[in-house]
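My entries follow in the order in which I checked them.

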Amino acid sequence: MSRLLLVSLLAVAAAAPSSVSPQNEALFTEEIPEPQYLFENHNPDVTDSGLELFESDMVLTEEQKLDRKAAPNLWPGGQVKYAITSTSVPDRAAIEAALNHWRQHTCVTFTEVSASFAGEPHLRFSKQSGCWSYVGRTGWTSGQDVSIGTGCTGLGTIAHEVGHALGFNHEQSRPDRNNYVTILTGNIQDGRSGNFAIASNANNYSVPYDYTSVMHYGSTYFTKNGQPTIQVNQLQYSGLIGSRTGLSHRDKQLANAMYSCAASCSSPPACQNGGYVSKACSCVCPPGTSGSRCQTVTAPYYGSICGNQAITSAGTVSSINWPSIYPRNQNCFWIVTAPAGRRVRITFNTAKVLYRYSDGNCYWDWINLYTNSDNSADVNACGSELQGKTYTTTGNRLALEMHTYAGGSYPSLQTGFTASVSFV
Ligand SMILES: *[C@@H]1O[C@H](CO)[C@@H](O)[C@H](O)[C@H]1NC(C)=O
Ligand SMILES: [Zn+2]
């Protein structure tokens, strides 16, 4: 069972174990409460509005429809006027929070005008069906709508729609997206595959692809069966897409480049390693770097993923802290790559994590194995189910994912796994 399927099944089953008590309470120093699930907003972009929506929350002007290669029009000088029309007045605080977020991290200015304003292009926030926006500045002097419908008032969601209005496409529409994600067309709702099209017009302004972009779809957007529609090619980063917490570093970097925010700096610093020059003329450094020019790299952009994703020799693979208790609230990956033409064989000498619940699910801890070359887990185990087991991959890659429960106290019995890995 794939991890993603598992997540959705868990979500469905969330109500089932209403008072989960461990089968052997003596093993636990405290009762394990009902698991907490990550509920994904599966269709944040869906709308039934009469407007024809491209990629579900983007509206293209007739001109843009005719020529998707045309770059989106930007707002001259990064100056954007906006009106909060009557239906959006109750959401004013949420809209202002998202605009402040853009103001804080870019040189784009947002100036409020009245709802009756006309004569110059501007944004008109309103509560219509769904969350959607035009891409870039349409140029209409009567203004262009941005719909903040029901369920759309999260900071990241409004920031996403404002991003479209500023000229952002979806991250997974980038021309280079196939290097980073795989679109699983067979799982997409009928008639919705256009949502996953590539925007060949997109200028990347030399900003790399970003799984954490607020403009990236989540893994199950527009799924017809609960299975992923987007798979991350680098398995260990699967959990990063669909973030709606706010602008990522590279979102800010891209906006600063699009709107030439450093243009007024007399001697802008030469930022390194993905840093960019802010409107304040200093380097803003990406996660994992520091120094006035971001010259010191301490961690990868996405942070260090626990485990080891670069194993290329035979040997032993063990969970964190083995043979002591593994840390809780982790999602670790071990990725073993055999020389071309050979396969990876793994034998679990010890495997002990929290058990499978009586409804058949691994709610607290689990170990997933990816023994095929695709990025769907084909073994989902918990308890001591893997103890003594051997698996051989079909290709030259084996991935092992270990998820550990965030809460509760572990008994000392739960020490994780140790396994021998060889190439055959
Ligand atoms: C930006 O796009 C160009 C042209 O498609 C490509 O060669 C380049 O690698 C891209 N840059 C980054 C940082 O992804
Ligand atoms: Zn969108």
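I began with strand 14 and strand 21 (residues 416-423), which pair in the antiparallel sense over four bridges. Strands here are DSSP runs of E with at least two residues, helices are runs of H or I with at least four, and both are numbered from the N terminus. Two strands pair if DSSP finds at least two bridges between them. I noted Thr316 standing opposite Ser420 in strand 21.

Before going on I wrote down the conventions: this is a predicted model, where local features need pLDDT of at least 70, side-chain atom pairs count only at pLDDT 80 or more, and totals for chains, interfaces and linings use all residues. Residues are numbered from 1 along each chain as its sequence is written, chains are lettered from A and ligands numbered from 1 in the order in which they are written, and side-chain values use heavy atoms, with hydrogens and water left out.

I then traced the sheet around that pair: four strands in the order 14-21-16-19 form an open sheet with antiparallel pairing. Strand 14 and strand 19 (390-392) are its edge strands, each pairing on one side only. Neighbouring strands of this sheet are turned by 25° against each other on average, direction ignored. For such angles, axes are lines fitted to C-alpha atoms (for helices over the stretch in contact), and the angles run from 0 to 180 degrees between N-to-C directions.

Inside it, I looked at strand 17 (residues 366-370) and strand 20 (residues 397-403), which pair in the antiparallel sense over five bridges. Tyr370 stands opposite Ala399 of strand 20.

**Loop between strands 14 and 15**

The peptide bond from Trp322 to Pro323 is cis, with omega near 5°. Asn329 lies in this loop too; it has a positive phi of about 60° although it is not a glycine. Is Asn329 buried or exposed? It counts as exposed because its relative accessibility is 55% (buried is under 20% relative accessible area, exposed over 50%, partly exposed in between, with a 1.4 Å probe and protein chains only).

**Loop between strands 7 and 8**

I moved to the loop between strand 7 (181-183) and strand 8 (230-232), where Phe222 sits. Phe222 also shows a positive phi of about 60° without being a glycine. Phe222 has 1% relative accessibility and therefore counts as buried. Asp210 is found in this loop, and at 1% relative accessibility Asp210 counts as buried. I logged Asp210 and Tyr301 as 91 residues apart in sequence and 9.3 Å apart in space, C-alpha to C-alpha.

**Ligand 1**

Which residues are around ligand 1? I listed Arg174, Asp176, Asn204, Ser206, Val207 and Pro208, where a residue counts if one of its heavy atoms lies within 4 Å. Taken alone, ligand 1 exposes 360 Å², and the protein buries 37% of that (Shrake-Rupley areas with a 1.4 Å probe). An oxygen atom of ligand 1 is 3.3 Å from an N or O atom in the side chain of Arg174.

Conventions
A polar contact is a pair of N or O atoms within 3.5 Å; within protein, one must be able to donate a hydrogen and the other to accept it, and residues adjacent in sequence count only if both atoms are side-chain atoms.
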